[in-house]
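The sequence and the structure are shown below.

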Amino acid sequence: MSIDTLNWTAVCAVDEIVPNTGVCARVEGRHVAVFRVGADRFFAIDNVDPKSGASVLSRGLVGNLGEQIVVASPLYKQHYDLTTGACLEQPELSVRAHAVRVEDGQVLVTLAS
């Protein structure tokens, strides 16, 4: 399936996400954490922390471990790779990563299948 034929959901304006932080959005009924890293890199993963079931990953600390850009869960401190959704400490707790694009100053997300 072409990326242009996917169902994109506008989440917010680019300027509504402070660099190196995240926001939570509801995309097709799913809680999604959308992160802005630096001025112009955007990532999206599931927002629900798999260990607690709480919708909190968007509130985690953004940083890097080596070459991987990650968010640390605010509850149990596991690190989630923002590119893949992989949990670095406990792979069984990995989340889905979603496609993000910016168009006309808006951040858009489409859910991974």
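Helices (H or I, at least four residues) and strands (E, at least two) are DSSP runs, numbered from the N terminus. The model is predicted, so local features need pLDDT of at least 70 and side-chain atom pairs count only at pLDDT 80 or more, while totals for chains, interfaces and linings use all residues. Residues are numbered from 1 along each chain as its sequence is written, and side-chain values use heavy atoms, with hydrogens and water left out.

An unreviewed UniProt entry lists residues 9-109 as "domain: Rieske"; such annotations may be inferred rather than shown by experiment, and the positions are given in the numbering used here, with feature names shortened. Over residues 9-109 the chain is 0% helix and 50% strand, with the end C-alpha atoms 5 Å apart.

An open sheet is built from 6 strands in the order S1-S9-S8-S4-S3-S2, with antiparallel pairing; two strands pair if DSSP finds at least two bridges between them. Strand S1 (9-13) and S2 stand at the edges with a single partner strand each, so one side of each is left without a neighbour in the sheet. From one strand to the next, the twist averages 30°, where axes are lines fitted to C-alpha atoms and angles run from 0 to 180 degrees between N-to-C directions. Strands of a sheet pair through backbone hydrogen bonds, either parallel or antiparallel.

| Strands | Bridges |
|---|---|
| S2 (residues 21-27) and S3 | 7 bridges |
| S3 and S4 (residues 41-46) | 6 bridges |
| S1 and S9 (residues 106-110) | 4 bridges |

Gly22 has Phe35 in S3 as its bridge partner, Arg36 is bridged to Phe42 in S4, and Thr9 is bridged to Val109 in S9.

Strand S3 (residues 30-37) is mostly covered, with 6 of its 8 residues buried, that is, under 20% relative accessible area with a 1.4 Å probe and protein chains only. The hairpin of S2 and S3 has 2 residues between the strands, and Glu28 takes a positive phi near 50°. The hairpin of S3 and S4 has 3 residues between its strands, and Gly38 in the turn has a positive phi of about 70°.

Two charged side chains sit over aromatic rings, a contact that requires NZ of Lys or CZ of Arg within 6 Å of the ring centre and within 35 degrees of the ring normal. The charged end of Lys51 is over the ring of Tyr76, 4.9 Å from its centre. Arg101 lies over the face of Trp8, at 4.5 Å from the ring centre.

Note on methods
Buried means under 20% relative accessible area, exposed over 50%, partly exposed in between (1.4 Å probe, protein chains only).
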